[in-house]
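This note is meant for a colleague who is opening the structure for the first time. Please keep the sequence and the model in view while reading the numbered points.

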Amino acid sequence: MYSQLVDGDSDSEGSLISDISASPPRGRSPSPPPPPPPPPEHRPNPKHTATVKPKPPKSKAKPKLAASACTAAVSPPPLPSAALSDPHGLVSRIAAAPALVTATSTVSSSSFRRLVQSRNPSFDPAAAFSAPTPAPTLAPTEIATAATAQCPAPDAPPQTRPKRVHPNSVSEVVPPAAEAEQPKRPRGGAEGNFVRLNINGYGRRRTFRNAQARRPTKYRSWRRQRHGGAKPQGRGDEEGDFVAEAMIEREKKRAGGDGGVLEAVEAAREDPSEQNLENLLRIIYGYNSFREGQLEAIQKVVAGESTMLVLPTGAGKSLCYQVPAMILPGLTLVVSPLLSLMVDQLMKLPAFLPGGFLASNQTSDEFHETLQRLRGGEIKVLFVSPERFLNEEFLLIFRDGLQISLVAIDEAHCISEWSHNFRPSYLRLRASLLRRKLNVQSILAMTATATTQTLEEIVTVLEIPSDNLIKTSQIRDNLQLFISMSNNRLKDLLLLLKASPFVDMKSIIVYCKFQGETDYVSKYLCDNNITAKSYHSGLLMKNRNRVQELFCSNKIRVVVATVAFGMGLDKSDVEGVIHYSLPESLEEYIQETGRAGRDGRLSYCHLFLDSTTFYKSRSLLHSDGVDEYAMSKFLFQVFSCENSVGCICSLVKESTSRKFDIKEEVLFTVLTQLEIGGQQYLRLLPQFSVTCTLYFHKTSPQLLADKDVLVRSVLDKSETKGGHFVFDMTKVANDLSITVNEVFDHLQQLKFSGEISFELKDPACIYVILKKPDDLNALSADITRWLSEVENSKISKLDAMFDLANFAVKGCQRTDGCSGSQHTPCIQKKIIQYFSKNYSTSDSGQCTQPQRGSPFLQADIKVFLKSNSFAKFTPRAVARIMHGISSPAFPSATWSKNHFWGRYLEVDFPVVMEAAKAELVKLVGKGE
Ligand SMILES: Nc1ncnc2c1ncn2[C@@H]1O[C@H](COP(=O)(O)OP(=O)(O)OP(=O)(O)O)[C@@H](O)[C@H]1O
């Protein structure tokens, strides 16, 4: 079928498969290839929409006055002595907070509950977690089962292993802006905290000190006077305490029956030998043996050694931090790039490993609730986003003696700008910061996809000894890899899905590049009697969760998705992955094909190659670039704050982005670089909306200002617009030497007393300047060069992917076992070369580079500039329009109507830029 479809080669893949792979086949014989039908006339919609990154979830609950608001000077009480100090207390703590406590602790946050419910509407967390109902055995695993029974793990031994469930993550690339920690303030009552644990008598609410809190300010002394120096009172909750106590009692009883676990943990702690660890593995997970790399990684981590772990997708990296988390005395902090991934991993924690998470969509109550449990020693594994490390309040928790035994960094390749998925927030995860601020003992970095260059960077910034690199092959041998050229992908996709082996598969993912593509491809499949749904980050979260749930429960066969559906997805029986569009890198290809065959059985991956998608993707990679001129203007604004050093500054993301024609994510990347590059010029604070409009309701503004120092400052710093007061939150914060959060907390209090209401707009990056650069021009040249290197690295990754695919369809001599469009041997060989730095695109001699020029380019640019003389262009802006790339100052909504939009997509971007520069210089010379 493959060969007929694509290359006209009639080899049967059935025989090939058994020759090539030792993996168990899926037990179906390939059907004879049907004759190819005549190609239908189909024109896909040319207006593909580029993937839109998701917005952070909006909370609907109303805020309420926080007891802790503006009380940052109050120190938290000392930790209970039992908590975390005694390594031998671990087992008793595990016993005190086992099964249901795990579930309760993880689900006591309503945001988590919402997430779980949105994934599985039939899941009733209240029923599952609200305790003193007669306890079924192994409650948490059953809870997990109830939540996620759709995705069983077939490789688990049926008898010994409790039936665990994989909720399957919905993953998406969340832009820094979306993931960044927007402070969430208290809202509503305690609805979210339906079970409040009070283990160790530590259930009282308390606030945090923060860096600012220790400084006496006019604002704080005023607050103290007003409150008579009293500390805020904690909130008792007898009902919650009662429930918690009942649960603990029940769990103690249950723990008595599970003594084997405690003994196994104790034995492994005393002697982490292979035998003891395997025993633990059997008892906790029901697995008989460790997979390659797992035991070695666990032993190193348990010995307190920082370790770099590179295992293929689905190889079981999570287990390598879970087992040490049971054994090590302190907390295990897991840094994860996506909220959905965190939730999935949290739900997959074994019953005896209590966990929690801190995420940007939590309310202040939920955040503080998790902190309480953390301080009470009730959490052994805490999942956090990298953005959390911007939050001083979070970092301060660990100054109070809370011991972190291990920081596990999932998807660690995001640290490296040379990786396919660089995340600026990951830049903050440096060993120096982790050790200095969090007193971390050891670090475990995990990834499935890292080139030698990426690995070198990760081990350097995390200070991992070179001996502690554990790396197995990054390819899985149970995947059959096919590549074919396609001039009509829609037709070819349908043919593929209707032929063996895909026709018999229950679960298939089709990956597309653009959101619009996923919609029309899935519609086309449905029109042709294939149950398919699209999935991309432009869909509402509830719709995305619904699609994932239907897919996991095998109610739909095919999901047509963008890259948003992938990372961490652990549905074990996905049998086929089809790339409708070329992935942006070999890393992405491996991640996405890695969704298939996670049960170890033979699975099939097919990639359609078409050069149009390649050019479009390559062109889009130029959308992050910045000119040195724009960079120096931007840096000038960054450091233009009046009071300079020490003052809180803000940059409104949208307007700044438009002004300098630099994408918001890139602005954030540059600011992060200014913080953690060689010289620390600034310190980033959590992002916040800074423009506040204030409405007075009871007391007149002046009278209230006489009583309230913050209102006085607001009036000083406000402009009046339509009778209302509009001010910049950072100006008031600077005036009173407090944080923006404290300004917000105080306004909330006034709001709940009925005095005022207010609205916030203009999300902004907030930072404190620590040092002004001596030479702004040199700095902007450095940063521009760095950004351009990152851009080039991405382009070479795409080129490598294209080169590999192109080689397979045009250059492969089919001598190594490749046949028809089945290219497993040659693809695997190239992937190994790629990850070991021996890759060269010239190997194939087939790489199609974009054109180096066009006879009409210069003339067209001239016409374009003349006919749009009202706008101010840079060479980059002109080149983007010629390539059809939207940018903040020249959005597609306006410019795609232009005659020249995307006309020179196939000409190399730098060539177009040079031509534009030449024309712009001529225009300037003529004074036009
Ligand atoms: N030793 C083992 N024996 C059997 N199954 C295992 C073992 N270790 C892990 N697994 C199972 O393998 C599956 C994949 O594990 P996990 O999700 O940790 O993979 P991963 O390496 O993180 O993959 P990815 O990088 O794709 O997210 C899980 O269902 C897990 O329970």
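1. Of the 928 residues of the chain, 62% count as buried, where buried means under 20% relative accessible area, exposed means over 50%, and partly exposed lies in between, with a 1.4 Å probe and protein chains only. The model is a predicted one, in which local features need pLDDT of at least 70 and side-chain atom pairs count only at pLDDT 80 or more, while totals for chains, interfaces and linings use all residues. Residues are numbered from 1 along each chain as its sequence is written, and side-chain values use heavy atoms, with hydrogens and water left out.

2. The secondary structure of the chain comes to 37 helices and 18 strands; these are DSSP runs numbered from the N terminus, helices being H or I runs of at least four residues and strands being E runs of at least two. Among contacts with a separation of 6 or more, 81% are between residues 24 or more positions apart, a contact being heavy atoms within 4.5 Å. The chain exposes about 35300 Å², of which carbon and sulfur atoms supply 52%; accessible areas come from the Shrake-Rupley method with a 1.4 Å probe, and for residues only the protein chains shown count as cover.

3. The largest nonpolar core has 47 residues, and Leu 582 and Ile 831 are those with the most contacts inside it; such a core is a set of buried Ala, Val, Leu, Ile, Met, Phe, Trp, Tyr and Cys residues joined through side-chain atoms within 4.5 Å. Helix α32 (residues 776–811) gives the most to this core, contributing 10 residues. Apart from it lies another core, of 45 residues, which includes Ala 315, Ile 327, Phe 357 and Leu 444. Which residues does Ile 831 contact, leaving aside its neighbours within four places in sequence? They are Ile 475, Leu 586, Tyr 589, Ile 590 and Leu 804.

4. An open sheet of six strands, with parallel pairing, has the order β8-β13-β12-β9-β11-β10; two strands pair if DSSP finds at least two bridges between them. Because β8 (479–485) and β10 (532–535) stand at the edges with a single partner strand each, one side of each is left without a neighbour in the sheet. From one strand to the next the twist averages 15 degrees; axes are lines fitted to C-alpha atoms, for helices over the stretch in contact, and angles run from 0 to 180 degrees between N-to-C directions. Seven bridges pair β8 with strand β13 (residues 603–609) in the parallel sense, and Leu 479 has Ser 603 as its bridge partner in β13.

5. Helix α21 (residues 515–527) lies across β10 and β11 (558–561), running at about 175 degrees to β10. Helix α22 (residues 541–552) packs on the sheet as well, touching β9 (508–511), β10 and β11, and its direction makes about 140 degrees with that of β10.

6. An open sheet of five strands has antiparallel pairing and the order β14-β18-β15-β17-β16. Its edge strands, β14 (648–652) and β16 (719–721), each pair on one side only, and the twist averages 35 degrees from one strand to the next. β14 and strand β18 (residues 756–769) run antiparallel and are joined by five bridges, with Ile 766 in β18 as the bridge partner of Ser 650. Helix α29 (residues 709–717) lies across β15 (682–696), β16 and β17 (724–728), at about 90 degrees to β17, whereas helix α31 (residues 740–752) lies across β14, β15, β17 and β18, at about 170 degrees to β18.

7. A search of the whole structure finds 24 salt bridges, each a side-chain nitrogen of Lys or Arg within 4 Å of a carboxyl oxygen of Asp or Glu. In one of them, Lys 663 pairs with Asp 624, the closest N and O atoms being 2.7 Å apart; the pair links distant parts of the chain, 39 residues apart, with Lys 663 in the loop between α26 (653–660) and α27 (664–676) and Asp 624 in the loop between α24 (611–620) and α25 (628–638). Lys 663 counts as partly exposed at 22% relative accessibility, and Asp 624 also counts as partly exposed, at 27%.

8. Asp 774 forms a salt bridge with Lys 771, with the closest N and O atoms 3.7 Å apart. Asp 774 is exposed, its relative accessible area being 74%, while Lys 771 is partly exposed, with 27%.
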